Amino acid sequence: MRNIDFSSWQSVLATLIGLALVTLIGVSIRLVVMFTIQQRRERMNRQINERLRTLIAAYKTLGGSFTGNLAVDPAHLRDLRRRAEPDGEGETVPAAGAEGSDRARRIRDAVEAALSDIILLGTEEQVRLAERAARELVAGHPVHTHDLVISLRDFIREALDLDPIPAGLAIPMQGPTRPSGASGGRKGESGRGEGRQGGGGGGGMGAGMGMGMGIGGGVGLASGANADDPLAPDQQSSTP
C-alpha cells in the first residue's frame, strides 16, 4: 500500500493496472491449481470405480453359490478323455462326472478370469489368495474360493463405507457361480429352425396356390374366348 500513489491520474492508472495484473496472475495460478487437483481427483475416482466394478464382478463369480459342489474342478477335456475307462468290448466309456464336464469347464474358465482380475487389481492379501488358488488349479487340485470371497467382501464393504457384517451371522460357505445350462440356447436355436422351416413351407403353399389359380384362370379365359369366337370349330360345324 506504500507504493500506491494518487497524486496524479497517471499514477492512479499505473496503480490500477498493477493491481489488475497481480490479481489476474493470482487468479490464474489458483485456477491452474484447482484444475490440476480436479483432474487428479477425477482420475483417482475413475480408477477406484473401475477397480471396485472389477472386484465386485469377481466376487459374484467366485461367491455366487451356497449349495452343491463348491469346489472348482481344474480338469480339462483332455483329462476327461484320459480318464475314460474301456469296457469289455474295447469301447471307451466316459468316466464318472463327464456328463457335467461342460458346466465344470465354464465354471473353471470364469474362475480363472476372476483370479486374473484379482491378481491385477486386488490388495496384497487378495493377490496372495488368488495366486495360491491359481497354483492349485495348475497343479490339478480342486480349489475352494471361500477365503478369497471373504476378503473381497470385506474390502468392498469398506470401500463403499458400509458397516461390517455382524460377527454373529453364520454365513454358509460360498463357491463359484454355476452358469445356466446350454439347453435353453439349443432349444431356442431349434425353435428358430422350426420357424424358418414353417415359413418356407408357407411360402411353398402360397406359390402352389398361386400357380393353381393362374392355371385355372388361364383355362377359364381360353374357354370363354372359344365360346365368343364366331369362327370356333363347333359353331362352324353347326351352321348349315
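Is Asp 109 buried, partly exposed or exposed, and what is its relative accessible area? I looked this up in the predicted model and found Asp 109 partly exposed, with a relative accessible area of 32%.

**Entry 1: Arg 108 and its partners**

I next examined the side chain of Arg 108, which forms a salt bridge with Asp 109 at 3.0 Å, N to O. Arg 108 itself is buried, because its relative accessible area of 4% is under the 20% cut-off. I then found that the side chain of Arg 108 also meets that of Glu 112 in a salt bridge, here at 4.0 Å, N to O. Arg 108 and Glu 112 both belong to helix H3 (residues 101-121); they are four residues apart, so about one helical turn separates them. For Glu 112 I noted a relative accessible area of 34%, which makes this residue partly exposed.

**Entry 2: a pair between helices**

I asked which residue pairs with Asp 147 in a salt bridge. The partner is Arg 132, at 3.9 Å, N to O. Asp 147 is in helix H5 and Arg 132 is in helix H4 (residues 124-139), so this pair ties together parts that lie 15 residues apart in sequence. I recorded both accessibilities: Asp 147 is partly exposed at 47%, and Arg 132 is partly exposed at 41%. For the whole structure, my search returned nine salt bridges.

**Entry 3: a patch of negative charge**

I then turned to the surface, where Glu 125, Asp 154, Glu 158 and Asp 161 gather in a patch of negative charge. I looked up one of these residues, Asp 154, and placed it in helix H5 (residues 146-159). Its relative accessibility is 43%, so Asp 154 counts as partly exposed.

**Entry 4: an annotated segment**

Finally, I consulted the UniProt record, an unreviewed entry, in which the annotation "transmembrane region" covers residues 12-37. I compared this span with the model: over residues 12-37 the chain is 100% helix and 0% strand. I also noted that the C-alpha atoms at the ends of the span are 37 Å apart.

Notes
Residues numbered from 1 in each chain as written. Predicted model: local features only at pLDDT ≥ 70, side-chain atom pairs only at ≥ 80, totals over all residues. Heavy atoms only, no water. Patch = residues over 30% accessible without salt bridge, like charges linked within 9 Å, V, L, I, M, F, W, Y side chains within 5 Å. Areas by Shrake-Rupley, 256 points an atom, 1.4 Å probe, with all protein chains shown as cover. Lys, Arg positive; Asp, Glu negative; His and termini not counted. Charge placed at Lys NZ, Arg CZ, Asp CG, Glu CD. Helix = DSSP H or I, 4+ residues; strand = E, 2+ residues; numbered from the N terminus. Buried < 20%, exposed > 50% of the residue type's maximum accessible area, 1.4 Å probe, protein only. UniProt positions renumbered as here; feature names shortened; annotations may be inferred.
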